[in-house]
Amino acid sequence: QVEVVESGGGLVQPGGSLKLSCAAGGRDFDASVMGWYRQTPGNERELVAQMFSDGRIEYADFVKGRFTIARGNGKNTASLQMSSLKPDDTAVYYCTADIGNGPLALRVWGQGTWVNVSS
């Protein structure tokens, strides 16, 4: 069974920075995609950024130039460096790891970490 665990959330002032980390483990696999999503109360989860095993990276328009997704040092690890944070970035942030490729891939979600951008 694969487990995804996020860390690094917390309270940060507007304009500040925060780095989230994620690790997926529990069985031997290579994640085809690792991504970050976020969700605010009453809204659907939305993609923040994702990176593919072939090196491609995608960002949501609302974070371009402010957030950076990167692979960590370990296998199936990822980080999300967030800068120039705004109150609108307040949300629960979820990390995902995809097992397999294409439409049959299994997406495993972490439990989320809360990011609160407030003065």
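Trainee: Which residue in E8 stands opposite Ala-23?

Mentor: That's Thr-77. Before we go on: this is a predicted model, where local features need pLDDT of at least 70, side-chain atom pairs count only at pLDDT 80 or more, and totals for chains, interfaces and linings use all residues. Residues are numbered from 1 along each chain as its sequence is written, and side-chain values use heavy atoms, with hydrogens and water left out.

Trainee: How many bridges join E3 to E8?

Mentor: Six, and strand E8 (residues 77-82) runs antiparallel to E3. Two strands count as paired if DSSP finds at least two bridges between them.

Trainee: What holds paired strands together in general?

Mentor: Backbone hydrogen bonds, and the pairing can be parallel or antiparallel.

Trainee: So in what order do the strands come in this sheet?

Mentor: E1-E3-E8-E7: four strands in an open sheet, with antiparallel pairing. At the edges are strand E1 (3-7) and strand E7 (67-71), each of which pairs on one side only.

Trainee: What about E1 and E3, how many bridges there?

Mentor: Five, with strand E3 covering residues 18-25 and the two running antiparallel. Val-4 is opposite Ala-24 of E3, and Ser-7 has Ser-21 in E3 as its bridge partner.

Trainee: Which residues are on the covered face of E3?

Mentor: Leu-18, Leu-20, Cys-22 and Ala-24. Lys-19, Ser-21, Ala-23 and Gly-25 are on the uncovered face. In a regular strand, side chains alternate between the two faces of the sheet.

Trainee: Is Gln-81 buried, exposed or partly exposed?

Mentor: Partly exposed, because its relative accessible area is 30%. Buried means under 20%, exposed means over 50%, and partly exposed is in between (1.4 Å probe, protein chains only).

Trainee: New topic: how many aromatic pairs are there?

Mentor: Two. Rings of Phe, Tyr and Trp (its six-membered ring) pair if their centres lie within 6.5 Å; planes under 30 degrees apart are stacked, over 60 edge-to-face, and the rest tilted. Tyr-37 and Trp-109 are tilted, because their planes are at 55 degrees, with the ring centres 4.8 Å apart. That pair links distant parts of the chain, 72 residues apart: Tyr-37 is in strand E4 (residues 33-39) and Trp-109 in strand E10 (residues 106-109).

Trainee: And which residue pairs with Trp-109 edge-to-face?

Mentor: Tyr-94, at 6.2 Å centre to centre and 80 degrees between the planes. Tyr-94 sits in strand E9 (residues 91-99) and Trp-109 in E10, so this pair ties together parts 15 residues apart in sequence. Tyr-37, Tyr-94 and Trp-109 form one aromatic cluster.

Trainee: Is Tyr-94 buried or exposed?

Mentor: Buried, because its relative accessibility is 10%. Tyr-37 is buried too, at 11%, whereas Trp-109 is partly exposed at 32%.

Trainee: Which residue has its charged end over the ring of Tyr-94?

Mentor: Arg-45, 3.7 Å from the ring centre. Arg-45 also lies over the face of Trp-109, 4.6 Å from that ring centre. The cut-off is NZ of Lys or CZ of Arg within 6 Å of the ring centre and within 35 degrees of the ring normal.
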